[in-house]
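Thanks for coming, everyone. Please look at the model on the screen while I talk.

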Amino acid sequence: MSTAKSYSISKLTVWEAYQRVKANRGAAGIDEQSIAQFEQKLQRNLYKVWNRMASGSYFPPPVRQVEIPKQSGGKRKLGIPTVADRVAQTVVKLLIEPRLDSLFHSDSYGYRSGKSAKQAVEITRRRCWSMSWVVEFDIKGAFDHIDHRLLLKAVRHHIKDDWILLYIERWLQAPFETANGILVPRESGTPQGGVISPLLMNLFMHYAFDSWMQRSYPGCPFARYADDAVVHCRSEKQACEVMAAIKVRLEECLLTMHPEKSKIIYCKDSKRKAAYPTTQFTFLGFTFRPRAAWSHNGRRFTGFLPGASNEAVKRMRQQTRSWNIQRRTPASLLELSKLYNATLRGWWNYYGAFYKTVMRKVFNHFDLKLQRWARRKYKPLAGHKCRSVDWLNRMKKACPSLFVHWHVFGNDARLGNGSRMS
């Protein structure tokens with residue numbers, strides 16, 4: 001009896017795929033099997049994935065549907081594949097991503113190695129200095145509405161391996177399973193939460209927007225992160241033309257421009273005096289708007305600059321509040337640092353990259369929680385806000401490395417705005 005497989009898939013690739021799935025962690029799928037449980041019979045489970053994929057008999061199970069609240073209201077539907085299916089998807093992603101990524105536009109920043117949201121914000125910041133108008137647009141339910149026929153046409157154009165095409169089509173067709181156990185068929189979209197979905201999204205948007213934009217409006221640079229994008233224009237007339245054209249183009253690709261999240265913005269600053277009702281937009285958690293800034297020679301002016309959005313600041317403060325620091329009186333200050341400093345550093349590394357003063361609201365809020373904690377923990381401070389402020393300042397001076405904002409700013413309540421023009 002022949003043991004030859006229909007498709008040549010390396011066991012080493014399956015192993016590497018598993019290592020990546022393990023590193024990314026993630027929730028269990030419809031089989032409720034965690035990564036730890038998958039590891040209990042690791043060799044057997046990985047062999048099963050390899051054997052079925054190599055023989056052409058791999059059929060992905062339904063995707064667990066999870067609804068999470070959106071920042072703008074409503075619910076976002078995520079699709080959580082099983083651990084085994086995430087391994088299978090990663091096998092394909094490892095093989096096709098280098099081929100596809102080399103096609104993508106340099107200003108496509110989402111879900112790409114070597115690209116980041118901060119890079120997209122930085123290039124947008126610089127372009128706002130030289131071009132006065134921005135078209136901001138968002139695609140309504142992009143992951144849910146990608147047309148399978150158009151997507152598979154793009155995939156087949158670049159990928160010739162029969163088995164890869166077979167499994168991508170099966171992943172696209174795999175139904176959702178709701179919390180009630182109801183199977184919901186999918187006729188469009190690629191599940192947000194799937195391993196291969198971001199790569200497929202980028203391929204679709206490469207043809208739906210990036211390449212089209214480069215052909216149609218080569219003088220209008222853009223930055224795109226998945227389904228969120230901004231385009232720079234030199235006049236209001238050009239911005240109106242570009243926005244209308246993008247709307248038509250998306251409709252041709254069976255996508256819809258989000259009417260509430262898409263608009264034209266005037267990048268108002270000290271040199272731009274025209275009257276226009278919309279002078280700010282939010283992109284990747286940063287609000288771009290007129291802000292006070294200082295030149296290298298110390299002159300104050302108004303620049304059009306990004307800073308952490310009000311929504312981002314609110315979320316960070318809400319998370320700080322949810323920690324209930326004041327109730328952790330058995331813990332030491334060092335233990336609190338070990339609990340929270342990694343999160344604070346993550347916030348600072350991202351949102352502190354531009355217009356640092358906005359982060360004062362977040363860090364001051366955290367410090368107020370520490371003061372409340374100290375008043376409950378130490379009897380001499382109980383009921384004395386001023387004493388707790390003095391205590392906090394002494395701690396900052398004695399142990400500046402305990403929390404990231406202590407190290408960066410010390411006792412200075414005025415966080416530098418980092419807004420000098422470079």
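Which side chain meets Glu136 in a salt bridge? Lys263 does, at 2.8 Å from N to O. A salt bridge here means a side-chain nitrogen of Lys or Arg within 4 Å of a carboxyl oxygen of Asp or Glu.

Two notes on the source. This is a predicted model, where local features need pLDDT of at least 70, side-chain atom pairs count only at pLDDT 80 or more, and totals for chains, interfaces and linings use all residues. Residues are numbered from 1 along each chain as its sequence is written, and side-chain values use heavy atoms, with hydrogens and water left out.

Back to our pair. Glu136 sits in strand S3 (residues 133-138) and Lys263 in strand S8 (residues 263-266), so the pair ties together parts that are 127 residues apart in sequence. Strands are DSSP runs of E, at least two residues; helices are runs of H or I, at least four; both are numbered from the N terminus. Glu136 is buried, at 6% relative accessibility. Lys263 is partly exposed, at 27%. Buried means under 20% relative accessible area, exposed over 50%, and partly exposed in between, with a 1.4 Å probe and protein chains only.

By this rule, the count is 14 salt bridges. Another one joins Glu122 and Arg125, with the closest N and O atoms 3.0 Å apart. These two are three residues apart in helix H5 (residues 117-130), so about one helical turn separates them.

Now the nonpolar side. What is a nonpolar core? Take buried Ala, Val, Leu, Ile, Met, Phe, Trp, Tyr and Cys residues, joined through side-chain atoms within 4.5 Å. The largest one here has 71 residues. Met53, Ile168, Val231 and Ile246 have the most contacts inside it. Helix H9 (residues 197-216) gives the largest share of this core, ten residues. Apart from this core lies another, of 52 residues, including Trp323 and Phe354.

Let's zoom in on Ile168. Which residues does Ile168 touch, not counting those up to four places away in sequence? They are Val92, Ile96, Leu152, Val155, Ile196 and Leu200. Touching, or contact, means heavy atoms within 4.5 Å.

In soluble globular proteins, nonpolar side chains tend to be buried together. That's my part done.
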